[in-house]
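Here is a friendly briefing to read alongside the model. Please keep the viewer open as you go through the points.

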Amino acid sequence: MIKYLTGKELCEVLGISTTLLYKFRKAGMPYHQLPGGRPFYLIDQVVDWLKNAGYHQEKVWTK
């Protein structure tokens, strides 16, 4: 089953701040949004994007 995460849930799962979430989105992190709705994220897509973009996780996601 596919789990859709809100921005808040994604921040908790990845251990990042909302500021970093917005930086990632500006850099091209994948997200989905229905017209007039909040954006949501698929954790597999986000982790794949982070790895392909050169980020790695130590305590937090950094390049």
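Buried means under 20% relative accessible area, exposed means over 50%, and partly exposed covers what lies in between, with a 1.4 Å probe and protein chains only. This is a predicted model, in which local features need pLDDT of at least 70 and side-chain atom pairs count only at pLDDT 80 or more, while totals for chains, interfaces and linings use all residues. Residues are numbered from 1 along each chain as its sequence is written, and side-chain values use heavy atoms, with hydrogens and water left out.

**Sheet**

- Helices (H or I, at least four residues) and strands (E, at least two) are DSSP runs numbered from the N terminus, and two strands pair if DSSP finds at least two bridges between them.
- The open sheet has 3 strands in the order S1-S3-S2, with antiparallel pairing.
- S1 and S2 stand at the edges with a single partner strand each, so one side of each has no neighbour in the sheet.
- As background, the strands of a sheet pair through backbone hydrogen bonds, either parallel or antiparallel.
- Strand S1 (residues 4-5) is joined to strand S3 (residues 39-42) by 2 bridges, and the two run antiparallel; here Tyr4 has Leu42 as its bridge partner in S3.
- Strand S2 (residues 32-33) also pairs with S3 in the antiparallel sense, over 2 bridges.
- In that pairing His32 stands opposite Phe40, and Gln33 stands opposite Pro39.
- The hairpin of S2 and S3 has 5 residues between the strands, and Gly36 takes a positive phi near 75° there.

**Nonpolar core**

- A nonpolar core is a set of buried Ala, Val, Leu, Ile, Met, Phe, Trp, Tyr and Cys residues joined through side-chain atoms within 4.5 Å.
- The largest such core holds 14 residues, and Leu10, Phe24, Met29 and Leu50 touch the most other members.
- At least two residues of this core come from each of helix H1 (7-14), helix H2 (18-26) and helix H3 (43-52).
- In soluble globular proteins, nonpolar side chains tend to be buried together.
- Which residues is Leu10 in contact with, leaving aside its neighbours within four places in sequence? They are Leu5, Leu21, Met29, Tyr41, Ile43 and Val46, where contact means heavy atoms within 4.5 Å.

**Largest pocket**

- On a 1 Å grid over the protein atoms alone, a pocket is an open set of points where a 1.4 Å probe fits, with protein on both sides within 12 Å along at least five of seven lines; lining residues have an atom within 4 Å of a point.
- The largest pocket has a volume of about 160 Å³, a volume being the space filled by probe spheres set on the points, which are joined across faces, edges and corners.
- Its lining consists of Thr6, Gly7, Lys8, Thr18, Leu21, Tyr22, Arg25, Arg38, Pro39 and Tyr41.
- H1, H2 and S3 each supply at least two residues of this lining, and H2 gives the largest share, 4 residues.
- By class, the lining has 4 nonpolar, 3 polar and 3 charged residues; Ala, Val, Leu, Ile, Met, Phe, Trp, Tyr, Cys and Pro count as nonpolar, Asp, Glu, Lys and Arg as charged, and the others, Gly among them, as polar.

**Individual residues**

- Gly15 is in the loop between H1 and H2 and is partly exposed, with a relative accessible area of 44%.
- The C-alpha atoms of Gly15 and Gln45 are separated by 17 Å, and the two residues are 30 residues apart along the chain.
- Tyr22 lies in helix H2 and counts as exposed at 51% relative accessibility.
- From C-alpha to C-alpha, Tyr22 and Asp44 are 18 Å apart, with 22 residues of separation in sequence.
- Asp48, in helix H3, counts as partly exposed at 44% relative accessibility.
- Ala53 is found in the loop between H3 and strand S4 (56-57), and at 25% relative accessibility Ala53 counts as partly exposed.
- The C-alpha atoms of Ala53 and Gly28 are separated by 9.2 Å, at 25 residues apart along the chain.
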